[in-house]
Amino acid sequence: MIAMGDIYDNVMELARRRGFIWPSAEVYGAVAGFIDYGPLGAMMKRRVENLWRDFYIIREGYYEIECPTVGTEAIYVASGHVKGFADKMILCPHCGEYARADHIAEAHGSENAATLSKEALARVIQELPCPACEEQIGSTEVFEFNLMFETTIGPGSQRKGYLRPETAQGIFTDFARLLRFYRNKLPFGAVQIGKSYRNEISPRQGVIRLREFSQAEAEIFVHPEEKEHPTFGTYADYRVPLLGIEQQEKGREPVVATMREAVDAGLVANEYVAYYVALTHDFMVHSGVDPAKMRFRQHLPDERAHYAEDCWDAEIHSGRFGWVETVGIADRTDYDLRAHAGHSGDSFTVFVPYDGVRYETRTRIVPDMGVLGPKYRGKAKAIADALADADPGEDGVEVTVDGERIFIPADTYEVREEEVEVRGEEVMPHVIEPSYGIDRIFYSILEHTYDEEIVEGEIRRVLRLPPGIAPVQVAVFPLMTRDGLDAIARDIVQTLSGRGVLTQYDDNGAIGRRYRRQDEIGTPFAVTVDYETKDDRTVTVRDRDTMQQIRCGIDDLPVMLASLLDGSIEFNALVQ
RNA sequence: GCAUCGAUGGUCUAGUGGCAUGACUUUGGCCUUCCAAGCCAAUAGCCCGGGUUCAAUUCCCGGUCGAUGCACCA
């Protein structure tokens, strides 16, 4: 590798020129935070997503669902996004800068300023200095800026809707149906890949912070007391660099540990979190992310959501942006399900049977409705319900019905000790959530696989993409566009594409130029038809990374290329 | 969003108050028996809106996008 200028500029220049990433709707003036994936970009992104599907759907067995990107207000009130995503902000009247009003207040001693009303907050900060220009803020309006895009549903009704800020909520709101689909057994999980939207105040950093972005999320529902992953063995010995809270506080380097060690040492909260840390690492390496530029950083207590038991971010190092969070893996406990249960009134629990039947003695209060009915009339039912939960004294019990306190004498009910059969319990599952930012992974792959080298005085630009995600897998060239070489090449293209290989034909310009073109878009292999082909039906297969060639019979091509593409043989092994 | 700087064919770039450079790429042709060779030709551009001016890509104002700093940011 040779010294490069700014890698971001080089990568993005290539990405634009060759049709990976374009500014969106350029003809009308692009808007920050939105991008188009061009022909090769869309293909490659889809292949990255499909690789993700291999890991989560095929291997883990979590089915994919697809929910709307528009959701009603109720969903996001329950999820906490209506409140939690709304920042109370001010526009400084002196310098015109935006600032978080609650941050200003808290910096000067007010506690829990975020919970104050807009008006109260405006009063508090009136006499405080603006963080940008230091002028006393004075009288100004505090307004809420919500990161969610708002819309209305239907004409006239003005029913408020939001574009989803994450794909996860769709899985939570489908919980009951998913539970039934998975035949009422924990653990189970569902995944979703799709667009999410956040109206960022000031998106910078190109594709790193977008207003419309692609997420791949898995929500895995587990028993709160059983956080041992059933196939933990797969990754027990897998080593990953872990930057835990302790390492961060002491300014240390990440610890490279196996997942078994990490869990045993208490570095990672449980097997589930550790398992997905390792799986994420595995997935990223398969995608083309450089393992040397990847680490997992644990959320510090003050950045972790209050409900989360543990949270690790997969961070990828970028030459331009430094360490970038690309995946979050969190044990969210039962926060989400509890929130939706509370707001919707539906059940978000799973009935978990015991191994056998258990017998428990329960105290039951049986009211004598023959007395209570005539005496309390309309209130009798409410009183009976209240009695069921009451704790009776010697001569009676006081219950509260509609705010009215009523004393119920002991002779109007009977206290029975009963032995009941208990076959199981209702459990609200905990949620393990690996959440991937696809666009950031996509960019990281481009940056990490991008390479420049000098070959015979010329710069050779290569994307060293894994065959599994390269947008073109095999290029086919006739050495000359005559003497029937082109016809043979086109035949080969037909055969290969018929077998599902992403193949591209090119006969334009000198052969060297064609190799370079394919290098730039990361095509792993190139097949060239030359004059020998006409004699013995053999062609050359050229490897992108080493530029070495081997000869191979046309009829052996499909099988050999398939093995090269799926990694079951190495190109080196075929070179004599 | 504020401040500073920038924006010229697909890419990189020169330059200008009056026909807009050059290179690379791309396309067609010639040549060429394996790594961006050579020759001929073609395609294609002054970010958007307003103002000043006979005339604006150029000067002015506003916007958009990008870079940097500040602020904001799961």
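Me: How many bridges join strand β10 to strand β11?
Reply: In this predicted model, strand β11 comprises residues 212-222 and runs antiparallel to β10. Within this pairing, Gly-194 stands opposite Gln-215 of β11. The number of bridges joining β10 to β11 is ten.

Me: Which residue of β10 stands opposite Glu-64?
Reply: Strand β3, residues 63-64, pairs with β10 in the parallel sense over two bridges. The residue of β10 that Glu-64 faces is Val-191.

Me: How many of the ten residues of strand β10 are buried?
Reply: Strand β10 spans residues 188-197 and is mostly covered. A residue counts as buried when its relative accessible area is under 20%. In β10, the number of buried residues is nine.

Me: Why do the buried residues of helix α15 lie on the same side of α15?
Reply: Helix α15, residues 380-389, has Ala-380, Ile-383, Ala-384 and Leu-387 buried. They lie on the same side of α15 because the arc they cover around the axis is only 100 degrees.

Me: Which exposed residues does the face of α15 turned away from its buried side carry?
Reply: The buried residues of α15 pack against several elements, including β17 (350-367) and α14 (369-376). On the face turned away from that buried side, the exposed residues are Lys-381 and Asp-389.

Me: Which residue just after helix α1 takes a positive phi?
Reply: Helix α1, residues 7-17, has buried residues, among them Ile-7, Val-11 and Leu-14. The buried residues of α1 pack against elements including β1 (21-23) and α18 (511-520). Just after α1, a positive phi of about 85 degrees is taken by Gly-19.

Definitions and conventions:
Residues are numbered from 1 along each chain as its sequence is written. Chains are lettered from A and ligands numbered from 1 in the order in which they are written. This is a predicted model: local features need pLDDT of at least 70, side-chain atom pairs count only at pLDDT 80 or more; totals for chains, interfaces and linings use all residues. Side-chain values use heavy atoms; hydrogens and water are left out. Buried means under 20% relative accessible area, exposed over 50%, partly exposed in between (1.4 Å probe, protein chains only). Helices (H or I, at least four residues) and strands (E, at least two) are DSSP runs, numbered from the N terminus. Two strands pair if DSSP finds at least two bridges between them. The arc is that of the directions from the helix axis to the C-beta atoms. Contact means heavy atoms within 4.5 Å.
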